[in-house]
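Please look through the sequence and the structure shown here before reading on.

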Amino acid sequence: MDGCGTYLETMRREAPLVQCITNFVAMNIVANVLLAAGASPAMVHDAEESGEFAAIAQALTINMGTPSPRWVEGMEAAARGAAAAGRPWVLDPVAVGATAFRRGLGARLLALKPTVIRGNASEILALAGAETRGKGADSADPVAAAEAAAQRLAETSGAVVAVTGPVDFVTDGRRGLRCANGHPLMPRVTALGCSLTGIVGAFAATRPAFEATAAALAFFGLAGEEAARTATGPGSFQVAFLDALHTLTPEALDRGARLEAA
Amino acid sequence: MDGCGTYLETMRREAPLVQCITNFVAMNIVANVLLAAGASPAMVHDAEESGEFAAIAQALTINMGTPSPRWVEGMEAAARGAAAAGRPWVLDPVAVGATAFRRGLGARLLALKPTVIRGNASEILALAGAETRGKGADSADPVAAAEAAAQRLAETSGAVVAVTGPVDFVTDGRRGLRCANGHPLMPRVTALGCSLTGIVGAFAATRPAFEATAAALAFFGLAGEEAARTATGPGSFQVAFLDALHTLTPEALDRGARLEAA
Amino acid sequence: MDGCGTYLETMRREAPLVQCITNFVAMNIVANVLLAAGASPAMVHDAEESGEFAAIAQALTINMGTPSPRWVEGMEAAARGAAAAGRPWVLDPVAVGATAFRRGLGARLLALKPTVIRGNASEILALAGAETRGKGADSADPVAAAEAAAQRLAETSGAVVAVTGPVDFVTDGRRGLRCANGHPLMPRVTALGCSLTGIVGAFAATRPAFEATAAALAFFGLAGEEAARTATGPGSFQVAFLDALHTLTPEALDRGARLEAA
């Protein structure tokens with residue numbers, strides 16, 4: 001793939017309109033992350049308009065962090081709208097193994113053919129039908145334990161699958177990459193995984209999904225490393241992280257990206 | 001009008017209870033902006049109680065950023081409650097031109113006679129029935145292109161109309177003012193427009209709507225200028241902005257307000 | 001009771017999964033506060049899954065800040081699920097006296113036997129059926145005016161009751177404690193009361209409710225004092241507060257806790 005910097009450059013130049021259906025915890029930070037990075041977020045979720053809007057937006061992300069029956073209707077309408085309009089869409093299966101409602105929802109959304117799936121190890125294991133120790137939104141399994149499941153899920157679903165954690169793994173079923181960017185403070189800030197899903201959507205709006213996802217992971221993780229230089233805890237980290245997403249240059253991303261073939 | 005400082009002084013002394021029906025992205029920052037400025041926000045939206053609460057609050061704001069049928073019922077009940085109790089209310093028509101659902105909702109809320117309407121240029125153009133290039137929540141039209149539409153909208157609706165952007169324009173149909181306060185980082189933080197709507201509500205709770213709106217714009221923009229002195233990106237900007245809303249004095253507002261007749 | 005530090009130590013070691021049903025304003029900051037402190041938050045509210053999840057989580061908190069009929073179903077299912085699984089649950093009766101809907105909801109949740117009730121003075125007075133001057137989410141009554149009502153409420157409900165304000169009061173009906181930790185900037189940041197409810201849930205997940213609640217109040221207030229050392233307003237306070245929750249040690253809590261028998 002090209003250097004990650006060109007993906008960032010393309011995204012910032014096109015400033016894609018990204019429709020985000022995300023959870024109540026994440027809405028504000030997802031929008032701020034996308035704005036800081038240079039995209040244009042739009043939180044449009046209700047079934048009254050989510051399908052119509054999916055044809056206007058350049059990419060769609062669906063995060064099932066705080067689902068309810070009404071929101072499920074909006075998610076499905078949006079996913080169908082994106083498919084009909086030929087737009088990429090990203091699935092974030094938050095805590096998909098936790099309850100019967102989530103397991104059912106995960107299966108329904110998977111059937112709507114996401115372009116990319118991004119989750120932590122426990123979520124990817126659960127979505128792939130494997131055993132997991134996860135209970136809530138935090139992962140209880142290491143990334144490495146989910147790599148085989150991710151590969152299988154990519155093959156059966158046709159999606160690019162990203163398992164994120166200390167070292168991320170991304171695969172399209174044939175190729176695999178690992179991304180070592182990131183910082184241990186990141187999981188101490190809520191909804192950063194959800195925010196990464198938004199960034200994957202912004203990158204995938206303008207470039208092919210596998211490479212765009214890998215570049216998005218490197219960009220997001222490197223901004224985290226940058227933020228950690230000055231942070232003294234999760235509060236100051238979050239502030240510095242938004243600043244870093246805004247100021248990180250394509251050149252710095254090319255220098256700092258730590259991607260390698262898996 | 002009086003110096004802007006007296007409007008800020010009155011607002012802080014009375015600490016008005018402002019009922020905010022706003023979107024999921026904005027709820028936290030709107031409440032924090034109102035608290036930092038010296039008002040008392042109350043997020044009460046459901047139709048079970050929104051109309052009853054509108055008679056308790058001193059002003060109401062309705063932002064249609066993440067609408068759904070159930071929320072529309074709550075918005076309409078609240079607007080009717082505010083009208084019945086003689087309370088001012090502010091309409092924020094987020095992305096009103098984007099979908100059929102939003103166009104219909106904008107028309108229904110407009111019919112309920114808002115005291116003030118605050119939006120970006122694309123939103124005011126769409127609400128006034130003019131052509132716009134806007135698609136999502138971010139404006140794609142310059143403020144100047146919406147001034148005539150704002151004037152017409154003020155005349156036909158009876159509301160004070162504020163078009164916000166690099167230089168804001170506010171009119172009651174007869175008079176016009178421009179406000180040059182603000183900073184380019186402000187649109188890189190999500191929901192600052194929604195937060196400004198809250199501040200307009202707080203100012204309009206205690207003083208006449210046209211002047212209160214103009215003073216609110218100057219106060220908000222000047223706090224942004226103050227925040228930009230130390231900010232290194234949208235994260236640190238947001239933090240410094242809340243501090244500035246809290247510490248800005250009426251005297252500093254009188255000195256820094258950049259209002260002029262249009 | 002033991003030194004407060006041991007309660008913090010236990011909480012961090014066990015990192016309890018805390019199910020939070022909270023309001024739209026508070027969701028992000030409650031999750032961030034719990035993560036910063038060392039717990040694992042899970043926002044699971046809909047009736048489709050809230051009862052099932054209550055058996056997975058180690059504690060439950062229910063905050064009625066932005067209620068609607070659908071959410072009420074989810075709250076009741078969760079409270080029943082927690083009771084059936086023998087998990088502690090904390091009630092946060094936001095603005096319970098403000099509208100008929102809230103008064104009814106407060107009574108229904110009270111009947112489901114919360115383990116702990118945490119509110120400001122106006123809320124505890126209203127929930128206990130006494131007169132209050134409160135209108136919105138901010139208290140209009142001093143803590144001292146609610147101590148007798150808190151005692152009565154503890155006796156009749158069987159819950160530990162905490163009235164929070166400049167000096168907090170906590171009682172199980174027999175014993176009483178006052179906690180003097182905290183800082184005047186705290187009520188200028190939205191949803192810190194809601195966040196405290198989350199922390200009470202995390203502490204009560206692992207230790208007996210009366211002592212756990214008192215230790216949680218001291219921890220939360222002391223982190224506020226720590227944050228105020230560097231804050232220049234409510235924006236920088238919030239950032240420093242999250243950092244302080246993360247870095248405060250059990251030893252520092254033992255030294256700084258200001259609890260005394262009431």
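Do the copies, chain A and chain B among them, meet through the same or through different surfaces? In this predicted model, only 7% of the interface residues of chain A are also interface residues in chain B, so the copies meet through different surfaces. The superposition gives the geometry behind this arrangement: chain A can be laid on chain B with an RMSD of 0.0 Å by a turn of 120° and a shift of 0.0 Å along the axis, which is the relation of a three-fold axis. Among the residues of chain A, the one that comes closest to this rotation axis is F24(A), whose C-alpha lies at 3.8 Å.

Within chain C, one helix pair can be followed in detail. Helix 1 (residues 4-14) of chain C packs against helix 9 (residues 209-228) of chain C at an angle of about 95°, and their axes are 9 Å apart. Because angles of 65 to 115 degrees count as roughly perpendicular, helix 1 of chain C and helix 9 of chain C are described as roughly perpendicular to each other. On the side of helix 1 of chain C, the contact is made by C4(C), Y7(C), L8(C) and R12(C), which meet E211(C), A212(C), A215(C), A218(C) and F219(C) in helix 9 of chain C. By class, this contact has seven nonpolar, no polar and two charged residues.

Turning to charged pairs, a search of the whole structure finds 36 salt bridges over all chains. One of them joins the side chains of E49(A) and R102(B), at 2.8 Å from N to O. This pair crosses between chains, from E49(A) in the loop between strand 2 (40-42) and helix 3 (50-54) of chain A to R102(B) in helix 5 (residues 100-110) of chain B. E49(A) is buried, with a relative accessible area of 1%, and R102(B) is buried, with a relative accessible area of 1%.

Within chain B, the side chains of E211(B) and R175(B) meet in a salt bridge of 3.1 Å, N to O. The pair links distant parts of the chain, 36 residues apart, with E211(B) in helix 9 (residues 209-228) of chain B and R175(B) in the loop between strand 7 (168-171) and strand 8 (176-179) of chain B. E211(B) counts as buried at 15% relative accessibility, whereas R175(B), at 33%, counts as partly exposed.

In chain C, the side chains of E226(C) and R229(C) form a salt bridge of 3.2 Å, N to O. E226(C) is partly exposed, with a relative accessible area of 35%, while R229(C) counts as exposed at 64% relative accessibility.

Note on methods. Residues are numbered from 1 along each chain as its sequence is written. Chains are lettered from A and ligands numbered from 1 in the order in which they are written. This is a predicted model: local features need pLDDT of at least 70, side-chain atom pairs count only at pLDDT 80 or more; totals for chains, interfaces and linings use all residues. Side-chain values use heavy atoms; hydrogens and water are left out. Axes are lines fitted to C-alpha atoms, for helices over the stretch in contact, and angles run from 0 to 180 degrees between N-to-C directions. Helices (H or I, at least four residues) and strands (E, at least two) are DSSP runs, numbered from the N terminus. Angles under 35 degrees count as roughly parallel, over 145 as roughly antiparallel, 65 to 115 as roughly perpendicular and the rest as oblique. Contact means heavy atoms within 4.5 Å. Ala, Val, Leu, Ile, Met, Phe, Trp, Tyr, Cys and Pro count as nonpolar, Asp, Glu, Lys and Arg as charged, and the others, Gly among them, as polar. Copies are superposed by least squares on the C-alpha atoms of residues with pLDDT of at least 70 in both. A salt bridge is a side-chain nitrogen of Lys or Arg within 4 Å of a carboxyl oxygen of Asp or Glu. Buried means under 20% relative accessible area, exposed over 50%, partly exposed in between (1.4 Å probe, protein chains only).
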